[in-house]
Amino acid sequence: MGKVTPRSPRAIRIAALAICGGVGAFLARAVLAIPETEPGLAPLVAANLEASGVKNAVTAVLLNFRGYDTLLEIAVLMLATIGVLSLSVTQSGTWDPIAVRADPVLSALTRFLAPIMILVSGYLLWAGEHAPGGAFQAGSVLGAAGVLLALSGYARPAWLSRFALRAAISVGFIVFLAVAIGEMIAGGLLLEYPADLAKTLMLLVETWLTVSIGAILVSLFIASASPAEELRMRSGGDR
Amino acid sequence: MSQTDLYTLAGAALFIIGLYGLMTRPHLLHKVLALNISSAGVFFVLVGIARRVPGTTPDPLPHAMVLTGIVVTVSSTAFALALAKRIYSETGIAALDASDVDAEENAGG
């Protein structure tokens, strides 16, 4: 194994310090120049919240006012997952249990926790309409449930084929894009929800986003954690 | 110094710490961690400026941007880790340092 120097040579460190000093001074100036008692866009959001179709301001911003951010975000997530799956040395995307022989206590606890986590995920998705919550929080909990199942030695269920897992990874982006384009065909702008359908469409998009984000997080975790590789990584590297 | 200044300056400091680590640490895992510290700094600034008028509802726009940012950071971190792992399995070294790679190749024959 090649010995990796933990630190760079002195000259590089001094140069890096100088660059950081310069950038730091610039950033400090920039953040101090931010107006201090500006309400930002909060009043604008509050004024238009009624028309957005939901009662929670953050959800309204994410799915309606700045929907293109979220559309591009799920595209980035999907692309990153495709990248991770492509780079994986082992057969990627197969959800094989990582811990093969799990602790019986852990297995029992997981059996108890997994359904509750799925329920919490559904609650968060619904709560996003009027309270903190929404697709990303719900998807995170769903993904965590999947990671917990994999870590506890539960194999990928038979009904969840590799194709189904890949479909779940991309369905959020596809549905969101279809809704966005559908709105244009219906005569609006990109991501301009018709007022009477706004809530329904946002809930539709968020539901599939939740499924996708959950599948993406599980896939990212599984694809980047094969035990044999991990051991080699630990024995090599620095220190 | 106002409360907002304290938060945004702390965020800028975190960003700089991450930037320094990114430039000086050759190990890829350190670089990924440094990037994460930098993004935490950016989130800190955004959350800090979301509530500049005391007693009012915070601006939901920076909150939504941080929420988006966290998810993008998770996926980019996973992608960076997958790249680092692949580099390690191809070269046996998880670092960006040309001299180390040469040494490894000479030693391995």
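## Chain B

In chain B, 54% of the contacts with a separation of 6 or more join residues 24 or more positions apart. The structure described here is a predicted model. The secondary structure of chain B consists of four helices and zero strands, and its elements follow the order α-α-α-α from the N terminus. Of the 109 residues in chain B, 45% are buried.

## The contact between chains A and B

Chain A contributes 53 residues to the contact, and chain B contributes 48 residues. On the side of chain A that touches chain B, two or more residues come from each of α1 (10-32), α2 (42-52), α3 (57-65), α4 (67-87), α8 (198-223) and α9 (227-235) of chain A. The largest share of that side belongs to α1(A), with 12 residues. By residue class, the side of chain A that touches chain B holds 31 nonpolar, 13 polar and nine charged residues.

## Helix α4 of chain A

The buried residues of α4(A) are G67(A), T70(A), L71(A), E73(A), I74(A), L77(A), M78(A), A80(A), T81(A) and V84(A). An α-helix has 3.6 residues a turn, so residues three or four places apart point the same way. The partners against which the buried residues of α4(A) pack are α3, α7 (162-185) and α8 of chain A, together with α3 (60-91) of chain B.

## The largest nonpolar core

In soluble globular proteins, nonpolar side chains tend to be buried together. The largest nonpolar core in this model comprises 79 residues, and those touching the most other members are V61(A), F176(A), V205(A) and I216(A). Helix α8(A) supplies the largest share of this core, 14 residues.

Leaving aside its neighbours within four places in sequence, F176(A) is in contact with L71(A), I74(A), V205(A) and L209(A). Of these, L71(A) and I74(A) are among the buried residues of α4(A).

## The loop residue E38(A)

E38(A) is located in the loop between α1 and α2 of chain A. Is this residue buried, exposed or partly exposed? E38(A) counts as partly exposed because it has 13 C-beta neighbours inside 10 Å; a residue would need 20 or more to be buried, and 12 or fewer to be exposed.

E38(A) and A150(A) lie 112 residues apart along the chain, and a distance of 47 Å separates their C-alpha atoms.

Conventions
Residues are numbered from 1 along each chain as its sequence is written. Chains are lettered from A and ligands numbered from 1 in the order in which they are written. This is a predicted model: local features need pLDDT of at least 70, side-chain atom pairs count only at pLDDT 80 or more; totals for chains, interfaces and linings use all residues. Two residues are in contact if their C-beta atoms, placed from the backbone, lie within 7 Å. Ala, Val, Leu, Ile, Met, Phe, Trp, Tyr, Cys and Pro count as nonpolar, Asp, Glu, Lys and Arg as charged, and the others, Gly among them, as polar. A nonpolar core is a set of buried Ala, Val, Leu, Ile, Met, Phe, Trp, Tyr and Cys residues joined through C-beta atoms within 7 Å.
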